[in-house]
Amino acid sequence: MKTIFILGASALQIPMIRAAKERGLYVYVLDYDSSAVGIPLADEFLCISTIDARAVLEAARKYKPDYVMTSTSDMPVRTVAWVSEQLGMRCDIGYEDALCATDKNQMRRRMRECGVPIPKFYAAYSAEDFIGKSRIFKDRFVAKPADNAASRGVVLTDTRRNPSVDYLRRIYDYVHGFSRSGVVMVEEYMDGPEVSVETFTVNGETHIITITDKMVTELPYFVETGHTQGSRLPEIEQADIRRVALKAVSAINVINGPCHVEIKATAKGAKLVEIAARMGGDHITSDLVPLSTGVDMTACSLAAVTGDPIDLTHTCDRGSAIRFLYMNEPARDADASDDEVRIITSIEGVDEAAGMPGVTGVELYRSVGDEARPLRSSNDRIGHVIATGADADEAAARADAALAAVRVTYR
Ligand SMILES: Nc1ncnc2c1ncn2[C@@H]1O[C@H](COP(=O)(O)OP(=O)(O)O)[C@@H](O)[C@H]1O
Ligand SMILES: [Mg+2]
């Protein structure tokens, strides 16, 4: 029996753990969290952090898995690449390239070298450096940690409204608090609709699976509140988006496997937000892609690792949408420190939402009595609904209606 290490056992990894079991593999899941929800689905659990590459390597030397992979989290992508290189196993992305796909500073540099359209950017290494670099932008810019995810610590900084050094310092401290390496990115703000592009590369040839319209919160934060497939942007913009996505994938030298490419359609053309050398999270690849295209990217990703045939055939052309549930709050400044934590007092309408036309899933991540926080990262969302329809508009309308049917109260 062939064996596989799957790095991560959170809810995000469950579709991959299931797919590996269905393929008859003996599955080890690795996670630092011994209560991770995917553990009971696997054959064996190893309590190892997925970002502790040396510990993962040691375990791989001991258990000798035939394959090592992860599905939808960023940092384990580096670990998989490094461990595979160390063991001389087949690598679908090299370690240096994996760094470029997971560290926003290195990513921006690589993309600039490869001629991929990106915003103007700087990396700041201290508060003084940050303040100095922020002055290059006349009014507003995006500040974000070089190496986090789920929009943690990403803020629009508006120096026209508040030009004080104090304000910039508070922003720096906030963002820096989310940066593992301590590096803070200072970037030109790209205005325009945002999409993500799911791609799959087979022997160096990249295929576009679909383009997804992304909804994010009101400024100054950028938390994803919904996704709709396929994109409703004009075809000419989508062609430009596809071109930029393919260039970005090629810049990180992916040989086999999925990428999730985030792009803004600006007045000056499509520009890259970021690229991840893995499947998209937020239920995009696990739920929306199969509903709207029929492509099973989870199975394809596993097949890419095991060397089995990869089937990217689109078997349908429909719409799908996810909408996230979160606590609404009045608009605040990016440096507000009085974020209010509240307690959920009731959740109603879940069954009603689940029974609405086209709805394929309603999930709550919190229960009555749990805390709810203002939306500052994807982890603050409290649930979601997923719907399908004949096209993207119908799916979106159905998901919106189902979301509205779920009523949550707080105190
Ligand atoms: N330079 C930028 N201009 C405009 N929006 C941006 C920029 N950088 C990030 N964003 C917004 O913030 C979101 C999160 O940033 P991203 O770089 O994707 O970090 P994460 O790894 O947390 O997803 C993006 O999806 C986008 O909406
Ligand atoms: Mg992102």
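The model is predicted: local features need pLDDT of at least 70 and side-chain atom pairs count only at pLDDT 80 or more, whereas totals for chains, interfaces and linings use all residues. Residues are numbered from 1 along each chain as its sequence is written, chains are lettered from A and ligands numbered from 1 in the order in which they are written, and side-chain values use heavy atoms, with hydrogens and water left out.

Further contacts to ligand 1 come from side chains. A polar side-chain atom of Glu194 lies 2.4 Å from an oxygen atom of the ligand, and an N or O atom in the side chain of Glu262 is 2.9 Å from an oxygen atom of ligand 1. Of the 20 residues around ligand 1, those that come nearest are Lys104, Lys144, Ser151, Glu187 and Glu194; a residue is near if one of its heavy atoms lies within 4 Å. By class, this shell holds 9 nonpolar, 2 polar and 9 charged residues. Strands E6 (140–145), E8 (184–188), E10 (205–216), E12 and E13 each supply at least two residues of the shell; strands (E, at least two residues) and helices (H or I, at least four) are DSSP runs, numbered from the N terminus.

Glu262 also takes part in the metal site. Together with Glu274, Glu262 coordinates the magnesium ion (ligand 2) through OE atoms at 1.9 to 2.1 Å. Glu262 belongs to strand E12 (residues 257–266) and Glu274 to strand E13 (residues 269–276), and the two are 12 residues apart. Both glutamates are buried, that is, under 20% relative accessible area, where exposed is over 50% and partly exposed is in between (1.4 Å probe, protein chains only).

Strand E6 is mostly covered, with 5 of its 6 residues buried. E6 runs antiparallel to strand E7 (residues 155–158), to which 4 bridges join it, and Arg140 has Asp158 as its bridge partner in E7. E6 is also joined to E8 by 5 bridges, again antiparallel; there, Val142 is partnered by Glu187. Two strands pair if DSSP finds at least two bridges between them.

Elsewhere, 3 strands form an open antiparallel sheet in the order E17-E15-E19. Strands E17 (371–372) and E19 (407–410) stand at the edges with a single partner strand each, so one side of each has no neighbour in the sheet. Strand E15 (residues 342–348) is joined to E19 by 4 bridges, and Ile344 is partnered by Tyr410.

Helix H10 (residues 297–306) is largely enclosed by the rest of the structure, because 8 of its 10 residues are buried. Among them are Met297, Cys300 and Leu302. Asp296 caps the N-terminal end of H10, with a side-chain oxygen 3.2 Å from the backbone nitrogen of Thr298. Just after the helix, Gly307 takes a positive phi of about 80°.

Notes. Polar contact = N/O pair within 3.5 Å; in protein donor to acceptor, adjacent residues only side chain to side chain. Donors = N, O, S within 2.8 Å, 3.2 Å for Na, K, Ca; no water. Nonpolar A, V, L, I, M, F, W, Y, C, P; charged D, E, K, R; others polar.
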